[in-house]
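Colleague: Hi! I'm new to this one, could you walk me through it?
Modeller: Happy to, let me put it up on the screen.

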Amino acid sequence: EVPDEPNEQGLLSVAVPYVDIQGISQYPEIVKALHNGLLDPCVMYLHPTEDMPRAQFLMVLFKALRIAGKRPYLGEFCDLSKYEWDSSYVQACIEENLIDPATVSNGRFRPDDALTREEFSSFVIRGIQKNRSERDIPLKVCYEKAIQAGILSANGSSEETICRADCYAGLVRTMELLGNLNTALPSDAEIHPVG
């Protein structure tokens with residue numbers, strides 16, 4: 001099915017195209033994520049139970065928080081090139097103090113590594129903190145805050161990887177808390193497939 005044009009709020013009004021999400025508990029949040037521009041409506045498979053890579057998560061996080069990447073990438077991490085699609089997100093994270101130093105090692109951002117529940121919590125909780133200077137929140141505190149706010153389920157340990165469906169569901173809950181749900185994406189938002 002061909003996507004309709006965005007409605008008056010700039011939201012996508014499309015049928016759910018993903019053939020691999022029927023019957024999963026996060027289905028309602030995935031529908032909201034699709035209609036709020038977090039997900040690519042042009043793919044058939046969302047791979048909801050697979051781990052979420054760290055860099056791909058940033059792309060979806062930025063859409064949820066309604067912020068944009070920043071160029072040029074200044075090369076802080078040796079495992080990212082300034083020409084890679086994810087470098088603008090990482091540069092914005094550096095400038096906005098969204099990266100907990102405990103989640104990077106030996107000058108590496110680890111863009112392809114699976115995101116853990118604790119790392120998910122850190123990016124989200126730091127991201128919803130409006131004041132950049134108050135974003136130095138320890139991993140454990142971010143994890144506890146994410147569970148208390150209902151962004152993340154208490155089921156599982158902080159070190160476990162988080163699946164794509166749980167990331168999308170958590171970001172929808174974050175958008176609900178911020179009042180960003182059913183609002184248009186910024187005009188400079190980058191759109192890339194995540195499935």
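Modeller: Let's start with a pair of helices: α2 passes α6 in a right-handed crossing. Keep in mind that this is a predicted model.

Colleague: Thanks! Which residues make that contact?
Modeller: From α2 there are Gln56, Phe57, Val60, Leu61, Ala64 and Leu65, and from α6 there are Arg164, Cys167, Tyr168, Leu171, Thr174, Met175 and Leu178.

Colleague: And how do the residues in the contact of α2 with α6 split by class?
Modeller: That contact has 10 nonpolar residues, along with 2 polar and 1 charged.

Colleague: At what angle do the axes of α2 and α6 cross?
Modeller: Roughly 20 degrees, and the axes come within 9 Å. Angles under 35 degrees count as roughly parallel, so α2 and α6 are roughly parallel to each other.

Colleague: Got it. What about α2 and α4, how do their axes sit?
Modeller: The axes of α2, residues 54-65, and α4, residues 117-128, come within 11 Å and cross at roughly 30 degrees. That angle is why α2 and α4 also come out as roughly parallel to each other.

Colleague: Is the crossing of α2 and α4 left-handed or right-handed?
Modeller: Right-handed, with α2 passing α4.

Colleague: Which residues meet there, between α2 and α4?
Modeller: On the α2 side, Arg54, Phe57, Leu58, Leu61 and Leu65 take part, and they meet Glu119, Phe120, Phe123, Val124, Gly127 and Ile128 of α4. By class, the residues of this contact are 8 nonpolar, 1 polar and 2 charged.

Colleague: What does Thr116 touch?
Modeller: Leaving out residues up to four places away in sequence, Thr116 touches Ser158, Glu159, Glu160, Thr161 and Ile162.

Colleague: New topic, cysteines. How many disulfides are there?
Modeller: The count is 0 disulfides, where a pair of cysteine sulfur atoms has to be within 2.5 Å to qualify.

Colleague: And Cys42, buried or exposed?
Modeller: Exposed, because Cys42 has 64% relative accessibility, and over 50% counts as exposed.

Colleague: What about Cys142, buried or exposed?
Modeller: Cys142 is buried, because its relative accessibility is 0%.

How values were computed
Residues are numbered from 1 along each chain as its sequence is written. This is a predicted model: local features need pLDDT of at least 70, side-chain atom pairs count only at pLDDT 80 or more; totals for chains, interfaces and linings use all residues. Side-chain values use heavy atoms; hydrogens and water are left out. Axes are lines fitted to C-alpha atoms, for helices over the stretch in contact, and angles run from 0 to 180 degrees between N-to-C directions. Helices (H or I, at least four residues) and strands (E, at least two) are DSSP runs, numbered from the N terminus. Angles under 35 degrees count as roughly parallel, over 145 as roughly antiparallel, 65 to 115 as roughly perpendicular and the rest as oblique. A crossing is left-handed if the near helix is turned anticlockwise from the far one by less than a right angle, and right-handed if clockwise. Contact means heavy atoms within 4.5 Å. Ala, Val, Leu, Ile, Met, Phe, Trp, Tyr, Cys and Pro count as nonpolar, Asp, Glu, Lys and Arg as charged, and the others, Gly among them, as polar. Buried means under 20% relative accessible area, exposed over 50%, partly exposed in between (1.4 Å probe, protein chains only).
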